[in-house]
Amino acid sequence: MKKCIHNFNIHILLIVIITFSTFFGLFIPKGHVGSAEKITNFSINEYLKLPRFELNNSIYLYYGFAFLVVVVFYLLPKKWQWLWLLMASYFFLALWEIYFLIILIAVTVFVFYFGLKIDSFKKDEKKAKKNLLLGLLVCTAFIFSLKYFPRLFIEVKQTILIPLGLSYYVLQGISYLVDVYASKIEAEKHFGVFAVYMGFFPRLFVGPIERANQFISQIRGGIKFDNQNIADGTVRLFWGLLKKVVLVNRLVVVYRAVFLKSARLSPIELWIGVFLSGFYIYFDFSAFTDIAIGIGKMLGIESTENFYHPYLATSITDFWRRWHISLSQWLRDYIFTPLNFASRRANAIISQSFNIFVTFLISGIWHGNSAIYIFWGGVHGLLQSLEISFLQLKKRGFKRYGRKERNYHVINVLITYIIVNLTWVLFLSNSLENAVRIYKTLFSGGLTLSINFILLGLQKADFIMMIIFITFFMSLEILEELLKHNILIALQKQVLVIRWVIYLSFLFILIIFGYYGANFVKFDPIYMQF
Amino acid sequence: MDKVFEKLTDIFREVFDNPAITIKPETTADDIEEWDSLTHMNLILMVELKFGIEFNQREVMRFQNVGEMAACIQEKISD
């Protein structure tokens, strides 16, 4: 009898959660897209007359906050460090929207609870699996009702207040539950430490998506102060800031001209605009990732790298090993490999091609709550399916004819680079019609060679500046790729004098060449929408 | 256990088409160039066929290195 009631309770609870979150999702605050810059102009914090960290606030305020967190962190005894990080993260999130914090806490509590339940049924496979499925269902319910479901009911012109970091910490929660189920890790018994893993503030914006044991094992025992961490972390942080202020702030203008303002551009101008938008999304995403990793490093915490010269990839498959690496690894471990395992007895080429297609459809869904993202994901999935099939056939072909693989490296990189940028058109257009319009213009074959920079939004001087910085950053990447060394690490190994000359010149570049137009203080990374 | 390792070495060499491969308990996918998410399943399948065993999803997710895979195999064949 007791067991029945227990099961009954769980199911009732779940029905309540799903119903609640669905209705809540329907009624969550919506705003109108007044200007292209704002995600929403409705704020619960404003409504409740609470203080609010505006999207418009300076990125320097965020830095100030981060520095304060770091300073106090090392002043505290090791056993309270986690508490400080938790308080700082929750305080930060509450300043954005108190509603964001409520959702984070709710998801954290559920995942923590189900982790313990799964662990308690180590010997009982059935019960463990049931709790895993329930936990996964709750995670999916949260992300579905708060991110996707409302979209089905509101007009395209409206936006919804998606909790900051939801997409990232839900994935972390899912990875945690599966890892506990597979006995890769023990369920975390310390709620506070687990809560820091889920809501660590630098990761709320663009990730990276960390694994539980990787992060928790670092902070559990407390972290000792080490000069080098502060130095490395600060350098990383300012590297990200440099990218943002001198390059991203200019690139965003071009991106807006091409995708948001539907400027009348000639084919040549549009090609340039598309490639520059490709750089925009990369430098924007990687700059904010640098900042997140930098802050972590200052706190003595290592994070997974999210990028490894993505535009030097030799195939789409290779591209995804270099772009948003933490997501690719998540997809590989929790979607692709399980699918592969389930289909391992079927024909390898067919099943793996299908599985990679499905995996990237899911990736597309995760990226955005409209059809164009799913389409984008599907295209990447399809391209990789073709690569897998082609690769298998090529392997067999080479064996048969005894040929050695010639080095087509540079051509592969160029082809991949062009294809990736063409697919970004789908990703960055807010509708299929816009994307098709852009593709039509790109391939319309107009031969006007004159380029009107003003149409791309920038003054000529800024345009040239932007090209110079792209060349600068990409040259460093090519150098890193060829020498297999990391530039920032190599920098740290130099003599004091050389290091400081470089730091000061970066500061100089930041101040003199930074783009301080209307968007200077915008704290609005494109990947924050996800 | 040595027998398991011997047989595993042969399997690795066959699946990855590289007669020079050697494996140790600490070996992971990072150590072998041909071992990626695509070839991983070929390996699992071959192990199942050659040892006459069957893994489940939970077990396969657990292996962190070759040593753990070998231990799991050992357990299954001595059942």
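Where in chain A is Pro208(A) found?

Guide: Pro208(A) is found in the loop between α8 (191–199) and α9 of chain A. Helices are DSSP runs of H or I with at least four residues, strands are E runs of at least two, and both are numbered from the N terminus.

First, some ground rules. This is a predicted model, in which local features need pLDDT of at least 70, side-chain atom pairs count only at pLDDT 80 or more, and totals for chains, interfaces and linings use all residues. Residues are numbered from 1 along each chain as its sequence is written, chains are lettered from A and ligands numbered from 1 in the order in which they are written, and side-chain values use heavy atoms, with hydrogens and water left out.

A cis peptide bond joins Gly207(A) to Pro208(A). Its omega is about 0°. Most peptide bonds are trans, and most residues other than glycine have a negative phi.

Two other loops of chain A hold a positive phi. Ser183(A) sits in the loop between α7 (166–181) and α8. Its phi is about 60°, although it is not a glycine. Ser183(A) is partly exposed, at 29% relative accessibility. That class lies between buried, under 20% relative accessible area, and exposed, over 50%, using a 1.4 Å probe and protein chains only. His324(A) lies in the loop between α12 and α13. It is not a glycine either, and its phi is about 50°. His324(A) counts as buried, because its relative accessible area is 0%.

Now follow α9, the helix on one side of the Pro208(A) loop. In chain A, α9 (212–219), α12 (316–320), α13 (325–342), α14 (348–367) and α15 (371–401) each supply at least two residues to the lining of the second largest pocket. So do α2 (37–51), α3 (57–62) and α4 (66–77) of chain B. A pocket is an open set of points on a 1 Å grid over the protein atoms alone, where a 1.4 Å probe fits, with protein on both sides within 12 Å along at least five of seven lines; lining residues have an atom within 4 Å of a point.

The second largest pocket holds about 1,600 Å³ of space. That volume is the space filled by probe spheres set on the points, which are joined across faces, edges and corners. Its lining has 47 residues. Those nearest the centre are Gln329(A), Arg332(A), Asp333(A), Ala29(B) and Ser37(B). Helix α13(A) gives the most to the lining, with ten residues. By class, the lining has 19 nonpolar, 15 polar and 13 charged residues. Here Ala, Val, Leu, Ile, Met, Phe, Trp, Tyr, Cys and Pro count as nonpolar, Asp, Glu, Lys and Arg as charged, and the others, Gly among them, as polar.

Next, the two chains. In all, 22 residues of chain A are in contact with 18 residues of chain B. Contact means heavy atoms within 4.5 Å. Between them, chain A and chain B bury about 1,900 Å², with 57% of it on carbon and sulfur atoms. In chain A, Lys184(A), Phe341(A) and Arg344(A) lose the most area to chain B, together 30% of what that side buries. Buried area is the accessible area, with a 1.4 Å probe, that two parts lose on being put together, summed over both.

One residue of chain B is worth a stop. Gln74(B) is found in α4 of chain B. It touches Met1(B) and Val4(B), leaving aside residues up to four places away in sequence. At a relative accessible area of 26%, Gln74(B) is partly exposed.

Back in chain A, Asn131(A) lies in α6 (residues 125–148). It is buried, with a relative accessible area of 4%. Among the residues it touches, beyond four places in sequence, are Phe114(A) and Lys117(A).

Finally, step back to chain A as a whole. Its secondary structure comes to 20 helices and two strands. Of its 530 residues, 55% count as buried. Of its contacts with a separation of 6 or more, 77% come from residues 24 or more positions apart.
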